Amino acid sequence: MFQHLAPYHGRAPLPAKTRPLVRYRKEEFGYLVAFPDGHMGMYDDGVLPLAQAGLSQEECAGHLLHTLRVSREFHFSAPCMAWVEITRRCNLRCPHCFVEGGIARSSELTTKRIYSLLDEWAEMGVFSVVITGGEPSVHRDFLSIVNYAWELGFVIGIASNAVPLTDRVLAQIPHDDVIVSVSLDGIHDQGKYKDESDFSYVTRRLLEIRERGFNTSIMTTTTHDNVRDLNKIITWAVDHDISLRSVPFVPMGRGARYRELANTTADVDLAAEFWIAEEQWERVKDKTLGLCAGKVLNFLLTMVFATRRCMSGRGLAYIESGGDVYPCTTCSGNKVLRAGNVMADSFKDIWNADWDIRQITWDNFKETCKGCPINDDKYYCSSRCPSQSSVYNGRNIFTGCGSTEFQRRSVLRREELFRERVMEEPLVPVGDGIPHPDPASHAEGSR
């Protein structure tokens, strides 16, 4: 069982398909706590008996941290969320795939090592595990891996193309604290699903999976090819009450051979309209979900802005099926900033070592960002990213701009639309479990 876990006894009702469990773990600053309704926060030591009693985030609010001392090497004692790629084998060959899914790696993690990796994560207090590939459900021990992770107490994301998820397979997967995410990147027939278009096949399977008791989500990679399809995808998600999370195309992995998929400046308005619709829908749909990978990721994205440094390698980790440990999916896709291999060392020893990415903060981008129109705290620029810098500036250049002209213009347009149509606080506002950095830390130059 998960070592840092207590039965929930809070008075507030929980969303459906949510296990009543409070997850918590010790950190240098006190405790990091994840509540079953999806709230996460950073607390002083006094919260421990309340977390152990399984109380709600409202009942623990008196122990929230207001400031946080942030050293240059700041990182959590374990990932908040970790991806484990149980195989690179896949039944499809998507052009944007960052892992080049298709053929299994020459040497992949044994099921026994995957089990022991999950054991390590449970002992360290990882909250969310994403089981991915390739196509993870083609792994011969997929079901036993999912069930083992669930029994340890993780909230689980399954990243799939849905083709191998038959009724027999779905019947053997737990429903609570599990979300099945299916890739949907276009609406046209690209030959992936025989005589059925991508949109028809994936939307049909999403509804079938949901009918079998699961929370489901759409995963969309936004590209120049699908920018005119995005409105139909988000409209379908809203109309059918299904989550949606998107990521922009980055030319890495197999995608490095299909750079024409990258968005151009002509796509800015359509892409921004999709983004604002996604943002608005997320604020509605997330209220119906308990703790899940998307909410953990939102917490970490807010930590990026609050602490002025990437959370990859600080709160995130990605383990390839060959055992290599990377700070995030982008580092894995571009094969940079590798931290070790779990076939040779324990994950805990790798996590506790000095990671190169932890030496890089937004301070390292000062010269790069000078004069940029979005170099302002009113904009959320995600391009001070060591891994994206390596994609766009050269393999070993980690403090260049990780943005394209399309992305820079998109940030400006998104801000305009956000002010016009949303004008609300961030999904995880600083101050609601996300403390401001200690001013003394800034004075010491550690930010």
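Leaving aside neighbours within four places in sequence, Thr111 is in contact with His139, Asp141 and Ile145; contact means heavy atoms within 4.5 Å. This is a predicted model, where local features need pLDDT of at least 70, side-chain atom pairs count only at pLDDT 80 or more, and totals for chains, interfaces and linings use all residues. Residues are numbered from 1 along each chain as its sequence is written, and side-chain values use heavy atoms, with hydrogens and water left out.

Stay with Thr111. Its place is in helix 3, residues 111-124. The side chains of Thr111 and Asp141 are joined by a polar contact of 2.6 Å. Such a contact is a pair of N or O atoms within 3.5 Å; within protein, one must be able to donate a hydrogen and the other to accept it, and residues adjacent in sequence count only if both atoms are side-chain atoms. Thr111 has a relative accessible area of 15%, so it is buried (under 20% relative accessible area, 1.4 Å probe, protein chains only).

Now the whole protein. Buried residues make up 59% of its 447 residues. It has 15 helices and 15 strands. These are DSSP runs numbered from the N terminus: helices are H or I, at least four residues, and strands are E, at least two.

The C-alpha trace spans about 60 × 55 × 45 Å along its principal axes.

Key: Buried < 20%, exposed > 50% of the residue type's maximum accessible area, 1.4 Å probe, protein only.
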